[in-house]
Amino acid sequence: MLMTRLIPILFLKNGYLVRSEKFNIHQNIGNPLAQVERYNSWDVDELIYIDITREGGYKYQRKDLGGIDRNHTNHINGIIQVVAKKCFMPLTFGGGIRSIDDAHIRFKLGADKITINSQALRQPNFISLLAREFGSQAIVVSIDAKLCPDGSYSVFSDWGRTNINISPQDWALQAQELGAGEILINSIDRDGTAKGYDLELVQSVVSVTDIPVIACGGVGDYSDFNEVLNKTGASAAAAGNIFNFRELAYPLAKKHLKNHGLNVR
Amino acid sequence: MDIRVGIIDIGISNITSVLNAFLYLGCNVKTVRISKEVSNFTHLVLPGVGSFPNGMENLIINGFDEEISNEVEKGKPIFGLCLGMQLFAEFGEEFKPTNGLGLIEGHISRIDTGESGLRLPHIGWNQVTFKKNSVITAGVPESSNYYFVHSYSYSNPNEPYVVGICDYSTEVVAFIEQDNIFGAQFHPEKSQANGLLLLKNFTKVSG
């Protein structure tokens, strides 16, 4: 039996690990590499890193960010390289991937999968190009959605700034047809709020697609994981903050899921 | 014996993770980009992601098909990972019928999940049951978890070379072994301790 995946997502900005709230507040919570050992010892199912740097380079002057190759001191690529040497688990990297070359370098440094978002919305065919080059299994299309005043959901690009005026359902289906291997659906409204997943949003995307869907956004407690997995048909549950802020959150979440009858490692 | 592991690089795979895993295990390992150099190694690894036709095309263009067949015939151990394992078959059905290396009698077809509602690709951790214990599976629990990402697999789980299977609404071929030929449908290099053990054991297989 395939096991349900529980996936920590790490958001990076200017080289720091950040806590994100509603896509516009980003609190610096430290060194992204310091987390690696923890996740390794917790035997996590998978790790997703998303770089949300908008402008400015990486601040690697700090001594505590040691170990990064000098050739990659100003980019997420340095982080990929270090993480891939230590973590023998599936690694997904996203953020700022605009071209086949951007994807190539990430795979070359050790990424197993990439997530794409804004560039796929600007150029949907980008999904097909990547799928042809690297295989569908390596391409995760990430969708950021928000509930609009009229009660419908809409997809946003550029880290939640631009309304694309397409429903997450339509976009997910299109992404699947273009060759996406997985969908990562994130709720902008729930991001960092600890109010639980937007079940309706997740369920709507699961219902129209045949590929695995990873739910993200809003986890406040371990029971939120059960809820999204049991009620929406999502293949995996992802979260950021809870794993950064709570001691032993990952093993405890796994234990909670196991106690509630879910098949987890 | 002096072990030299050669990871065959046909330009389409993410071989970094495989290389990193062998380096972590302290092995003498190199990537092989020139087919003639295959003979310099004691152990060969054929990783692979992407589609079957693309994988075969790249093997042939680079002249690896003949070199691999020659070395394997001489008894050199080879370990195929994911698509690499599939390329050992006679032919694959992905996109268009394509001949494989023909080292293993069998063909590769799309997993049939029937009415189960299970999604493809088959992505995630699944429990593999090993039917047989050998050098490569020594110390591996009879039932252990590995990371899979694929939609196609060997079509007949009852063949004698199938030594590991997993359940995904149907029996999926997870591990094969035939003489000096080994293959994992999952990614040992991404399956933490259990996977690293298989890679380590592979280097102990004598040629």
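How much area do chain A and chain B bury between them? About 2600 Å², with 52% of it on carbon and sulfur atoms. Buried area here is the accessible area, taken with a 1.4 Å probe, that two parts lose on being put together, summed over both.

Before we go on, a word on the ground rules. This is a predicted model, where local features need pLDDT of at least 70 and side-chain atom pairs count only at pLDDT 80 or more, while totals for chains, interfaces and linings use all residues. Residues are numbered from 1 along each chain as its sequence is written, chains are lettered from A and ligands numbered from 1 in the order in which they are written, and side-chain values use heavy atoms, with hydrogens and water left out.

Back to the interface, then. The contact, meaning heavy atoms within 4.5 Å, takes 36 residues from chain A and 28 residues from chain B. On the chain A side, Leu2(A), Phe88(A) and Gln137(A) lose the most area to chain B, together 30% of what that side buries.

What about charges? Between the two chains the count is 1 salt bridge, that is, a side-chain nitrogen of Lys or Arg within 4 Å of a carboxyl oxygen of Asp or Glu. Asp112(A) and Lys190(B) form a salt bridge, with their closest N and O atoms 2.8 Å apart.

Now let's turn to chain B itself, which has an open sheet of 9 strands with mixed pairing, in the order β2-β1-β3-β4-β13-β12-β11-β8-β9. At the edges are β2 (29-32) and β9 (143-150) of chain B, each pairing on one side only. From one strand to the next, the twist averages 25 degrees. For the terms: helices (H or I, at least four residues) and strands (E, at least two) are DSSP runs numbered from the N terminus, and two strands pair if DSSP finds at least two bridges between them.

Within that sheet, β4 (residues 78-81) and β13 (residues 181-184) of chain B run parallel and are joined by 4 bridges. Leu81(B) in this region stands opposite Ala184(B) in β13(B).

Finally, two backbone details to look at on the screen. A cis peptide bond joins Leu120(B) and Pro121(B), with omega about 0 degrees, and Pro121(B) is found in the loop between β7 (107-110) and β8 of chain B. Over in chain A, Asn165(A) has a positive phi of about 55 degrees although it is not a glycine; Asn165(A) sits in the loop between β9 (162-163) and α6 (168-178) of chain A.

Definitions and conventions
Axes fitted to C-alpha atoms, helices over the stretch in contact; angles between N-to-C directions.
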